[in-house]
Amino acid sequence: IDQYARAVASVEVRKWGFFRRYVSLAMIKAGYATVYRGVGAEYGGIKEQLEAAELVAKRKRLGMWQQSNFISPAEYKKALRK
């Protein structure tokens, strides 16, 4: 539970009990999400994988990264505070 009383979780899909697929990692790889870098962020031991996947998605211009006028959620919030 975060400071706003929202449930925060790491979601994974398992196949046959052995193979794990992290939904957040899959979304970042496809360019549909960004890595949250705010205070108190937890990454479940896959921070480096998440950041590497985001960099690849940006370079390949996948998903939201193909937009020329894309503004990340963090940049948007920062601009609103000014």
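Buried means under 20% relative accessible area, exposed over 50%, and partly exposed in between (1.4 Å probe, protein chains only). You're working with a predicted model, where local features need pLDDT of at least 70, side-chain atom pairs count only at pLDDT 80 or more, and totals for chains, interfaces and linings use all residues. Residues are numbered from 1 along each chain as its sequence is written, and side-chain values use heavy atoms, with hydrogens and water left out.

**Exercise 1.** Work out whether tryptophan 65 is buried or exposed, and classify its ring pair with phenylalanine 70.

*Solution.*
- Start with the cover: tryptophan 65 has 12% relative accessibility, so it counts as buried.
- Next, search the whole structure for aromatic pairs, and you'll find one.
- In that pair, the ring centres of tryptophan 65 and phenylalanine 70 are 4.6 Å apart and the planes sit at 65 degrees, so it's edge-to-face. (Rings of Phe, Tyr and Trp, with its six-membered ring, pair if their centres lie within 6.5 Å; planes under 30 degrees apart are stacked, over 60 edge-to-face, the rest tilted.)

**Exercise 2.** Find which glutamates form salt bridges with arginine 37.

*Solution.*
- Know the rule: a side-chain nitrogen of Lys or Arg must be within 4 Å of a carboxyl oxygen of Asp or Glu.
- One partner is glutamate 51, at 3.7 Å, N to O.
- Another is glutamate 54, with the closest N and O atoms 2.7 Å apart.
- Now check cover: arginine 37 is partly exposed at 48%, glutamate 51 is partly exposed at 28%, and glutamate 54 is buried at 4%.
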